[in-house]
Amino acid sequence: MSNRNYCVASGIVFVIVALMHIWRFALNFPLPIAVWYVPRSLSLLGAIGAIVLALWAFRSARNTSPQIVYT
């Protein structure tokens with residue numbers, strides 16, 4: 001798998017994760033972990049983080065310059 005394909009695939013996964021966080025935030029689904037309920041604000045932060053990672057992955061996929069690896 002090339003670096004470009006990997007970055008595009010990662011970006012798509014992060015977009016899906018962000019959409020799931022936004023969906024939970026918008027519909028206010030309860031998310032219990034043992035006896036603790038995860039606050040809605042953490043889903044918003046998770047969505048923002050996933051969006052940032054998706055943008056980073058798509059921007060990296062656009063970079064077409066060859067990379068030199070030193071060993």
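Reader: Leaving aside neighbours within four places in sequence, what is Ser43 in contact with?
Author: His21, Arg24 and Phe25. Contact means heavy atoms within 4.5 Å. This is a predicted model: local features need pLDDT of at least 70, side-chain atom pairs count only at pLDDT 80 or more, and totals for chains, interfaces and linings use all residues. Residues are numbered from 1 along each chain as its sequence is written, and side-chain values use heavy atoms, with hydrogens and water left out.

Reader: Which side chain makes a polar contact with Ser43?
Author: That of Arg24, at 2.8 Å. A polar contact is a pair of N or O atoms within 3.5 Å; within protein, one must be able to donate a hydrogen and the other to accept it, and residues adjacent in sequence count only if both atoms are side-chain atoms.

Reader: Is Ser43 buried or exposed?
Author: Buried, with a relative accessible area of 3%. The cut-offs: buried is under 20%, exposed over 50%, partly exposed in between (1.4 Å probe, protein chains only).

Reader: Which other residues of H2 are buried?
Author: Ala47, Ala50, Ala54, Ala57 and Ala61. Residues three or four places apart point the same way, because an α-helix has 3.6 residues a turn.

Reader: What covers them?
Author: Helix H1 (3–27) is included in the cover. Helices here are DSSP runs (H or I, at least four residues), numbered from the N terminus.

Reader: New topic. How many aromatic pairs are there?
Author: One in the whole structure. Trp23 and Phe29 sit edge-to-face, 5.2 Å centre to centre, with 85° between the planes. Ring centres must lie within 6.5 Å (six-membered ring for Trp); planes over 60 degrees apart count as edge-to-face, under 30 as stacked, the rest as tilted.

Key: Helices (H or I, at least four residues) and strands (E, at least two) are DSSP runs, numbered from the N terminus.
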